[in-house]
Amino acid sequence: MTNFAGLAASLATLLIGSAELACAAGAEPPPAFVEFESPLASAQPLQGYLRLPDGPGPSPAVVLLHGCGGFFKQLDERWGKRLAAWGYVTLTVDRFGPRGITSTCASGPPAATVHDAYRALSFLARQSAVDPARVAVIGFSQGAWLALFSVERGAIERNAKEKFRAAVAFYPPCLSIKGDMTVPTLIMVGELDDWTPAKECRNLAEGRDDYGISRQKELGYPIELIVYPGAYHDFDVPSFRAPQKLLGHHLEFNEVARDQSIDALRKFLYATIGGQERSQ
């Protein structure tokens, strides 16, 4: 991580990731655990895993937002490592740990978390390794809703000093999003998802009103939608090779859909914020 020296002076706290996340010898180095808002600066400081790509910066960057079950470490392993290999700085946000939360699957996201994406963006924008004009937000399930909400035209996006340049949502709850997006947006969802139904995302992408939500076609940036046949919720999570149920919803890994989503994400990010176009 040759760019790390430029970050060290500005990090409030920096610890090396725990041993169980350390990569095997010769593989990618482990992420840095960062507290990017100290308890002195915020009643609810945020923390996460930071990865830097090889090569000279400044580089494009990605904020990663986990779902309602947490597991930000696993998200960093699945996607942070891959994105860093593609040439992106990645910051996988732990929305729950500093708040003492274990899960919000039954209750929905706390109101305070709607600003987390921009708090992470603000941190990245101050780092010499990051090109602040090329940062995207990527969310998963509940985190995907937060990613979409963050770039939808409204008070949160309008009042943010720094701006995202692209957004990606893996199997988001699309029902409550109006669809007036301020940046290029990609949604990926499984056709058989019974938790965040593909039908609701189709309605969003096509500008159809859904349960009284006012939508207009061709308002803001168009939403690109990819629906994967035969795929359920959490199709990118290998630990669900054996299907599971959570709150009555079906969770199942789908290798074909996962691999196709990797390719779609690589191309989308390269087209919107740049980076090294190489698969990993």
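A search of the whole structure, which is a predicted model, finds 12 aromatic pairs, where rings of Phe, Tyr and Trp (its six-membered ring) pair if their centres lie within 6.5 Å, with planes under 30 degrees apart counted as stacked, over 60 as edge-to-face and the rest as tilted. One of these pairs joins Phe-170 and Tyr-171, whose ring centres are 6.3 Å apart and whose planes stand at 75°, so the arrangement is edge-to-face. Phe-170 and Tyr-171 are both buried, a term that means under 20% relative accessible area, with exposed meaning over 50% and partly exposed in between (1.4 Å probe, protein chains only).

Tyr-171 also pairs with Phe-235, and because the centres of these rings lie 5.4 Å apart with the planes at 75°, this pair too is edge-to-face. The pair links distant parts of the chain, since Tyr-171 lies in the loop between strand 7 (166-170) and strand 8 (185-190), whereas Phe-235, 64 residues away, lies in the loop between strand 9 (223-228) and strand 10 (244-246). Phe-235 is buried, as is Tyr-171. Ring pairs extend this into a cluster that links Trp-79, Phe-140, Phe-170, Tyr-171, Tyr-228 and Phe-235.

The charged end of Arg-78 sits over the ring of Phe-140, 5.8 Å from its centre, and Arg-82 lies over the face of Trp-79, at 5.0 Å from the ring centre; a charge counts as sitting over a ring if NZ of Lys or CZ of Arg is within 6 Å of the ring centre and within 35 degrees of the ring normal.

Asp-234 is likewise placed in the loop between strand 9 and strand 10, and it is buried, with a relative accessible area of 13%. Leaving aside residues up to four places away in sequence, Asp-234 touches Tyr-171, Phe-240, Leu-251, Glu-252 and Phe-253, a contact being heavy atoms within 4.5 Å. Asp-234 and His-250 are 16 residues apart in sequence, and their C-alpha atoms are 8.9 Å apart in space.

For the chain as a whole, there are 7 helices and 11 strands, taken as DSSP runs numbered from the N terminus (helices H or I, at least four residues; strands E, at least two). Of the 280 residues, 54% are buried, and residues 24 or more positions apart account for 71% of the contacts with a separation of 6 or more.

Residues are numbered from 1 along each chain as its sequence is written, and side-chain values use heavy atoms, with hydrogens and water left out. In this predicted model, local features need pLDDT of at least 70 and side-chain atom pairs count only at pLDDT 80 or more, while totals for chains, interfaces and linings use all residues.
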